Amino acid sequence: MTPALPTVTDETVTAWALAAADGDREAVDRFVRALQRDVRRFVSYLAGDAQAADDLTQDTFLRALTALPRFEGRSSARVWLLSIARRTVIDSLRRAACRPRTAWTDDWQGAVERAQPAGLPGFDEGIALMELVDALPGDRREAFVLTQLLGLPYAEAAEVSRCPVGTVRSRVSRARTALAEWAAEEHAARRSVESAAA
């Protein structure tokens, strides 16, 4: 894949999208390269499958480029594209639920082991973190991921989530509080077990 351009402002990306809608091929290239990394990270998290991220990213841009002539710039192009990415992942999950996945390999255990993500916290810490984030209610989890992991401004996260900015702020605040409380409880429980075993 072509490396993404450095982060650009929403105004610039939206201007490229509008120019691309009018047939500017260079603007299409700049638009795709500027947002490719954001879309890939977003679909990878939503789908819970890093292996499918490239296909989902490609599918998102195919849908977006098809719909680009109808883009009017009423929201930023980044928000518009992430809403398309969200629908792409939902459709993908629905398709996957309708038919079983197949793997063309005799060594399925080796394939599973090679597919494990690298560069994450230790196994126990990673499991604990994933469980804590997954335990959040869906709306709070989405707000937390959009703002804290993907780095979207609250206003853009509100557009993606289709709710007021204040609601996003409240959801993120409650998510942070819950995660901090759960992490403290987990730590206390672990120390209690270690003390009892000593």
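Reader: Which pattern does the chain follow, read along the sequence?

Author: In this predicted model, the chain follows the pattern α-α-α-α-α-α-α-α-α. There are nine helices and zero strands.

Reader: What share of the residues counts as buried?

Author: The chain has 198 residues, and 34% of them count as buried.

Reader: And how much accessible surface does the chain have?

Author: The accessible surface comes to about 12,600 Å². Carbon and sulfur atoms account for 53% of that area.

Reader: Of the contacts between residues at least 6 apart in sequence, what percentage join residues at least 24 apart?

Author: That share is 65%.

Reader: Let us turn to helix packing. At what angle do α2 and α3 pack?

Author: Helix α2, residues 25–47, packs against helix α3, residues 53–67, at an angle of about 130°. Their axes are 8 Å apart. This angle makes α2 oblique to α3.

Reader: Is that crossing left-handed or right-handed?

Author: The crossing of α2 past α3 is right-handed.

Reader: Which residues meet there?

Author: From α2, the residues are V28, F31, V32, L35, Q36, V39, R40, V43, S44 and A47. They meet A53, D54, L56, T57, T60, F61 and L65 of α3. Sorted by class, the contact of α2 with α3 contains eleven nonpolar, four polar and two charged residues.

Reader: What about α7 and α8: what are their packing angle and axis separation?

Author: Helix α7, which covers residues 138–149, packs with α8 at an angle of about 140°. The two axes lie 10 Å apart, and the crossing is right-handed.

Reader: Which side chains or backbones are involved, by residue?

Author: The contact is made by E142, L146, T147 and Q148 on the α7 side, with Y154, A157, V160 and S161 on the α8 side. By class, the contact of α7 with α8 has four nonpolar, three polar and one charged residues.

Reader: Staying with α8, which of its residues are buried?

Author: The buried residues of α8 are E156, A157, A158, V160 and S161. Two that also take part in the contact with α7 are A157 and V160.

Reader: What is E156 in contact with, leaving aside neighbours within four places in sequence?

Author: On that basis, E156 is in contact with D10, S76, R78 and V79.

Reader: What happens just after α8?

Author: Just after α8, R162 takes a positive phi of about 60°. R162 has this positive phi although it is not a glycine. The residue lies in the loop between α8 and α9.

Reader: Is R162 buried or exposed?

Author: R162 counts as exposed, because its relative accessibility is 66% and exposed means over 50%.

Reader: Now a different spot. Where does E186 lie?

Author: E186 lies in helix α9, which runs over residues 165–197. With a relative accessible area of 37%, E186 is partly exposed.

Reader: How far is its C-alpha atom from that of L132?

Author: The C-alpha atoms of E186 and L132 are separated by 9.8 Å. Along the chain, these two residues are 54 residues apart.

Technical notes:
Residues are numbered from 1 along each chain as its sequence is written. This is a predicted model: local features need pLDDT of at least 70, side-chain atom pairs count only at pLDDT 80 or more; totals for chains, interfaces and linings use all residues. Side-chain values use heavy atoms; hydrogens and water are left out. Contact means heavy atoms within 4.5 Å. Axes are lines fitted to C-alpha atoms, for helices over the stretch in contact, and angles run from 0 to 180 degrees between N-to-C directions. Helices (H or I, at least four residues) and strands (E, at least two) are DSSP runs, numbered from the N terminus. Angles under 35 degrees count as roughly parallel, over 145 as roughly antiparallel, 65 to 115 as roughly perpendicular and the rest as oblique. A crossing is left-handed if the near helix is turned anticlockwise from the far one by less than a right angle, and right-handed if clockwise. Ala, Val, Leu, Ile, Met, Phe, Trp, Tyr, Cys and Pro count as nonpolar, Asp, Glu, Lys and Arg as charged, and the others, Gly among them, as polar. Buried means under 20% relative accessible area, exposed over 50%, partly exposed in between (1.4 Å probe, protein chains only). Accessible areas come from the Shrake-Rupley method with a 1.4 Å probe; for residues, only the protein chains shown count as cover.
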